[in-house]
Amino acid sequence: MIKFFNKHKILFIFLLILSLGMFLRFYKIGYVQNFGWDQARDAWKVRDIIKGQVVLNGPRTGIGHFHLGPLWYYLFVPFYYLTGLDPVAANYLNFIVNIFNFFAIFIVTKKIFEKNTALFVTLVYATNRYLIDINRTPWNISPIPGVSIIIFYSIYKIVYEKKYKWIFVASFLTGLFFHLHFSVVFLPLIILLSLILVKNKRKIFIYSLASLPLFLVWFIPNVFYDLQSKSNNLNLFNNFLKDYLIKGFHFRFFLYRINDAFIQFQTILSLPKTYGLLKFVIPAIYWITILFEKNKKEKTLGYLISLWFIVPAFGYSFYGGTTSEYYMLMNSVLVIYILVYLLKRLFKTKFKPLAYILIIFCFIFTYFQTKNLWNATNGLIKQKEEVRERIKQNNKIPFDEGQIKAYLWHIWVEDKKVN
C-alpha cells in the first residue's frame, strides 16, 4: 500500500487539492449562491430547447448586445431534463466544469513546468477567494480558465516544441471560446503574434489554413440564426462598432484602459484600491526579470504570457463601453504562473528568507481568503422558498427573462413540475 502510494503520490496530492477546491466552491452551494440574471436567462432558454425549440443564438454579450454561440445552453439540457427543469441543474453542470478546469490546469502546468509547480499552481487556484467566488456561479464563463490554459498550451507546443499539429487544437478551442465570452476577439491576434517566433512560416500557414474549418464550424448556429432573423448579429456588431469603438488610438485613454488588462492581478491578490498600482508593478518586475533570463524556455514563455496582457491592453483602448473584471478571466492562471516564476527566482537568490516569508504569508492569506465562504444566506434554496410562499398566496410572478423567481413560478404553476 505504501509502495503504491509512493508511486502515485502526485496523483493523490492532486486529488486532495481537487477535493479541497471543490469543497470550497460547492459546500452549501444551495444556501450561499443565488441565481441572478444570467442563470435565469439560461434556465428559460434550456426550457425552450427541452420543449422542442431549436435555439441558435447564445447568451447576449454585455458589450454591444450581440449573441455568442448557444453551446452553453445545450450543455445544460441533460441536467435540466433529469431534474424536471429545476434550475439546481445548473450547479450540477458547473460542478463538472470545475473539475475540468482543475484537471486542465494541473495537466498543462505539469507538462510545461514540472509536477511540484503543477501542484502549487493548482493549490493556489483551489484556494483563491476570487476564483472560488467566480467558479461558484453557473454561467457561460465557467469553463474559461480550463479552455484558456489549453489554448495557451497549444500555442506553447507550436512555438517552443514545433509541434505544428497543435494548431488544430488552438483553432478548435478558439472557435469554441466564441460560445463562452466576448474576449475571444483577442485570441486570434494573440495566436498570430505568438507564431512570429516560428521560423517555418510556410508550414504554419498550411496548417493554419487546414485548421480553419475547425474554427469556423462553431459559428454555424449563429450564421443560421442571422439568415432567418432581421435583427441579426451582423447588424448588432455593426451597431457596436459605431456606438462603442473609439476612432483611433489615444494614449491617455490607453493609460485609463490598461487597468482592465491587468485587473486579474488585483482580484487574485485581493489588492485594495490603495495598493492597486501593484497590479502593474508585479508584471513589470516579471518582464524586467525575463529580459535577463538565460533559459530559452522561460524567455519564450515570458513572451507568450505577455501577449495575453499586452493585446487586451491595446484592444480595450479602442473600446468606449463598460467592463468587468471577469472580462480578463482568460489570463487568471497566467497571473499565477507569473507569481510562481517570481517566487522561484527569489529562491535562487541570496534573499531566500524573503521567499520563505512569502510562502508563510501565502498560507495566512489563504486562511483569511477561505474562512468566511459560507456566510451568505440568500441562495437558490431561499429563492425557492420565496416563490413557494408567493404560490400559496396565489400571487403570480409575471415573465421576466432575468428573474429566476419568475422562472420557478412558471415551471411549478404553468408547467406543473414538482414543487
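Contact here means that heavy atoms lie within 4.5 Å of each other. In this predicted model, Phe-177 is one of the residues with the most contacts inside the largest nonpolar core, which has 85 residues. Leaving aside its neighbours within four places in sequence, Phe-177 is in contact with Ile-144, Val-147, Ser-148, Ile-151, Ser-183, Val-184, Leu-187 and Met-330.

**Nonpolar cores**

- Besides Phe-177, the residues with the most contacts inside the largest core are Ile-149, Phe-152, Ile-190, Trp-308 and Tyr-337.
- Helix H9, which spans residues 144–159, supplies the largest share of this core, namely ten residues.
- The core also draws at least three residues from each of two domains, domain 1 (1–138 + 378–418) and domain 2 (248–375).
- Another core, of 28 residues, lies apart from it and has Ala-43, Leu-85, Ala-90 and Tyr-407 among its members.

**Annotated transmembrane regions**

- An unreviewed UniProt entry places the feature "transmembrane region" at several stretches, including residues 139–160, 166–197, 274–292 and 325–342.
- Over residues 274–292 the chain is 74% helix and 0% strand, with the end C-alpha atoms 31 Å apart.
- Over residues 325–342 the chain is 61% helix and 0% strand, and here the end C-alpha atoms are 24 Å apart.

- Thr-137 sits in the loop that runs between helix H8 (129–136) and H9.
- Thr-137 counts as buried because its relative accessibility is 13%, and the cut-off for buried is under 20%.
- Leaving aside neighbours within four places in sequence, Thr-137 is in contact with Gln-33, Gln-39, Asn-94 and Ser-142.

Note on methods. Residues numbered from 1 in each chain as written. Predicted model: local features only at pLDDT ≥ 70, side-chain atom pairs only at ≥ 80, totals over all residues. Heavy atoms only, no water. Core = buried A, V, L, I, M, F, W, Y, C linked by side-chain atoms within 4.5 Å. Buried < 20%, exposed > 50% of the residue type's maximum accessible area, 1.4 Å probe, protein only. Helix = DSSP H or I, 4+ residues; strand = E, 2+ residues; numbered from the N terminus. Domains from an automatic or database assignment. UniProt positions renumbered as here; feature names shortened; annotations may be inferred.
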